[in-house]
Amino acid sequence: MAGSTIVSVVLGNASTLNITALITAIVVFISIVYYSKIFKGSKSAKVSNKKRKQGEVGRKDVKKSGNKQPNPQERKTRQQTAVFTHPWSISSLKGHTSPVLDLDISSNGKYMASCAEDSSWPKKPKDDKENRNPRNPSKTEPKVFQPKIFKKLKLTNAQIYDRLMVLAVAKKQLKQHGYPTGLIDNTAYIQPKQEFLIANQNQDQSQKLSKKCSRCHKNFRSYPSDGKVNQIVCKYHWGKLNQIEEENESFKYSCCEGLKNSEGCTTSSTHVTVGVTSGYLSGFMETKTRDISSDKEVNIYAVDCEMCYTTEGLELTRVTLVRPDGHVAYNEFVEPPNRIIDYNTRFSGISAADFVVRRKSLTEVQQDLLNLIHAKTILIGHGLENDLRVLRLVHLNIVDTSIIFLPDNRLTKKPKKLSLKSLILTNFNSVIQDTTHNSAEDAMASLELVLMKIRDMKAKKFNNRTILLWMTKSFREKNKKSARTNIQFDHAKRIKWSPDSKAFIVALANDNTVQVFKLVKKADGNLGNSEPGLTFPTKHDSDIIQIAIATSGKFILTASNDTTIKLWNLKGTVLSTIDNHLVKTYFATISPCGRFIGSSGFSPDVKVWEVKFTKTGEFKEVTRAFELKGHAAAVYNFSFNSDSTKIATISKDGTWRLWATNVEYAQGQDPFVLLNIQFPHTGPSIIALSPDARTVAVASEVSIYVYSGLTGKEEGQIENAHEANISSLLFDQENKLIISTGDKVIRIFHNVVGYRETIKDLEEKRRKATGSTKDRMLKQINETRAALKSILNAK
C-alpha cells in the first residue's frame, strides 16, 4: 500500500514537482520495496529454521522409538542379514568368505576343520580407467592398446611365475577344453566337441566323402589342382552371428547386419575348411622336463599363432612368443606343408607378400620352440588349444584367458567364451584387431589381462583359499577360537582328520589329489597354522568327490565321480583300485570300525567291501562283503553308526532306511531293514546317523529334519538353517551336537531329539534290567533329563 500511494502522488503531481523532489520520491519507493522483501525473507527463514529443527527432533524421536519405516530396499537388506534363531541353536561359526564345502570333527572331539574355496577376484574399482567393469562400458572413446602393467608390478620372473600358477588351467580341464593330450608315438588326442559328434552321426556316406565349407557351409569335393579359380563359388558373412532383441528378428551378422538366413555379403573364388580338429592327430611333439634352479631359467611366454587356409584346412603360418616384459622373444612366419588357398588376411594379417622369401617349416619351428620352452614353462594365451593344435605341440602348463574370464567363472555350465577383443575393450577401454589381426599384439593383450590379475593379487585383493581349524570347546563362547591354514595355488573341497587327531588330509580341487597337513599347536595350547606335508600323485581321471581315513590308520580312500575308488597307504601309494559299477558315484566312505568301505551312486544299491590286511599289517586284498538292496532309485548318501552295526541310507525314491548290518555275511546272511520311512522332500539329500544310532538327521535343500532312530518318527525340524543347499551334516562323537553347513556359516545345534530318544531307550531297557545295571541306568536317565532341562530352560 505504501509503495502504490507514493507512486500515485509522484505521477499525479509530476508536472509541479521539480527534479529534486522526483528523485527523492523514487529513492524512497525503492527503499521501501527493498526493506519489505528483506523483512519477509527474514520471517520465512525463521519459520523454515523452526520447521527444520522440529523435523530433526521428530526424526530423532522416530529413531529412538523404533518407529522408522524403512524403504523396500532397506527392508530387504534387513531380512537378508536377519540373525538366524532356533530353540536348538548353540552358535554360528563365521570366518569363511565363500560357501563351506566340507567339515569334519577330530576323533578326540577337540577340533573341527572346515574348508572353502574362499577365492574370488575383487570388484573392479569404479575410478580405475584401466580396469573397467564389462557390464559398465566406458563412456570415453577407446584408445589404442598399450601394455603398461608389467613396469608397475616390480616383480621378478619367479614371483610372477608363482602367481601365475594360481591361474593355471587344471590338467583335468585341459582335455575338456580341447587341448591336445596323451602323446603316444607322436600322436596326440584332442577331445571332439559334442556338436561335432552329433553332426558326424547325422552325415550319410556321400557327405562324409565331401568337405564342408567353413564359411558358406556348402559341401564341396576338392580344390582345383592348379589353384586357379576364375569364378565366384563362395558367398558368406565374415562377421559373427549375434543375437538381438527386436521382434521377429533373433540374429544378425556383425559384418553387414544381415539376418541369419540372408545371402552372404562377401565373395570368394574358393571354399575353405578348418580341417580335422579333433581325435587322434599325428606329427605332435611334447615339451621336455627341465630343472629351473634360478630366476633366469623361469620361462614365461605369451603365445599367439596366425593361420591360413590350405588344402588340408587351417594351418600355421606365423607364431609369436612374448616375454612378460613385453619384448618379442620369437617371431617367425611358417611355410605350411600344404598349398595355401586363402591367406585369411582379414583375421590373420598374412598375405602373399609375406611368403616371397623362404620361411621355416613346421618341423624347424617345433625344434626352435622346444629349445625355448620346457614342461614347466608357463604359456599364456587366449584359446591356446587352437594354437597348440596347429603347432602340433603337447604342453600342460597353461594360463588361458578365455577360461579365466568365463562369465562368473562357472566352468561346469559351459558359458560362452568372450573374445580377446571384447576383454581388452571392457577391461582397458582399448582397441585391438582394429583392421586386422597381429600375433604379437594379441599375445601382448592376453599377457596384459593376466598381469592385471597378478596386480590384484599383489595388492592383496585376492582372498586366500583357506582351511579353518576350530576349538570345539569355544563353540559356546562369544569369541570362537580358530586357526587359519592357507593352501597355495589350490583349495580343499573335502577334509578329514587322522585317527590320532594330529593331522588331516584334504582333497585338492585343481590338482585332483590328496595332500596331508600336520597340526601345529602354540605354546598356550591353542591351534597354530598347520604345516603342509606329503602330496599324493594324481591318479583319478575324474573329479575326486570323497575322501576318508581308516580309524586303524592303515589306509586312505578316495572316490571320483565316475565309478572309481582308490585305496592308498599313508605314503601315497595306491593299494587297490575298485570299479563300483554304479554308473556314477555319489558318495563313498570307510566304516568307523575300519574294516569296510561303502559306495553309493546312480544305481539303487549300496555296495560294501571288506579291506583285509595280514597279521603283520600288510595290505592283502579287497573282497565284496554285502549289498544293501531295496531302494527303487539312486542312493544319494549313507551313514554308519559308531560300531558299524547300522547304516542309514537316503534315496531318490523318496525314502530313507535304517539297516542292520551286524550279520554273518560270510555265511550268506544279508543285512535287513529296520526302518523304511517316507521322506517327501525332493532333490539330492544328505543323511547322518548319530554314533549311538538313536537319531537320524536328513538335510534337504536348506532345512534339516530330525527323526528317531528307534521309531522312525519325525521329532523336529530346523527350517531354513542356511541360505544355500546344505553341503555337510554330521553329529559329534558324544551324540550331543548336530553340525551343518551350506553357505558361509557353520551352524551348531543341540541334539535335543537325541537326548529324548536316549531317555526313552534307557527307560525301555531299564524295565528289563536287574540289580546294579538297573540303578546305573536310572542314574544315566536322571543325568540326561537334567541336561535336556538345562538346554530347554536356557532358551
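His581 is exposed in this predicted model, with a relative accessible area of 55% (exposed means over 50% relative accessible area, buried under 20% and partly exposed in between, with a 1.4 Å probe and protein chains only). Residues are numbered from 1 along each chain as its sequence is written, and side-chain values use heavy atoms, with hydrogens and water left out. Because the model is predicted, local features need pLDDT of at least 70 and side-chain atom pairs count only at pLDDT 80 or more, while totals for chains, interfaces and linings use all residues.

The backbone of His581 also deserves a look: phi is near 55 degrees, a positive value in a residue other than glycine. His581 sits in the loop between β33 (574-579) and β34 (585-590) (strands are DSSP runs of E with at least two residues, helices runs of H or I with at least four, both numbered from the N terminus). Another histidine, His217, has a positive phi of about 65 degrees although it is not a glycine. The loop between β7 (211-212) and β8 (219-220) holds His217, which counts as exposed at 52% relative accessibility.

At least three residues are drawn from each of domain 1 (148-191 + 278-459) and domain 2 (210-277), with bounds taken from an automatic or database domain assignment. Beyond its neighbours within four places in sequence, Leu379 is in contact (heavy atoms within 4.5 Å) with Tyr301, Val303, Ile373, Leu384, Leu388, His395, Asn397, Ile398 and Val399.

Strand β28 (residues 513-518) is largely enclosed by the rest of the structure, because five of its six residues are buried. Strand β27 (residues 503-508) runs antiparallel to β28 and is joined to it by six bridges (strands pair if DSSP finds at least two bridges between them), with Val506 opposite Gln515. Four residues lie between the strands of this hairpin, where Asn512 takes a positive phi near 55 degrees. Strand β29 (residues 531-535) is also antiparallel to β28, through three bridges, and Pro532 in β29 is the bridge partner of Phe517.

The structure holds 19 aromatic pairs, where rings of Phe, Tyr and Trp (its six-membered ring) pair if their centres lie within 6.5 Å, and planes under 30 degrees apart count as stacked, over 60 as edge-to-face and the rest as tilted. The pair of Tyr189 and Tyr280 is tilted, because the ring centres are 4.8 Å apart and the planes at 50 degrees. Tyr189 lies in strand β6 (residues 187-190) and Tyr280 in strand β13 (residues 279-282), so the pair ties together parts that are 91 residues apart in sequence. Tyr189 is partly exposed at 22% relative accessible area, whereas Tyr280 counts as exposed at 65%.
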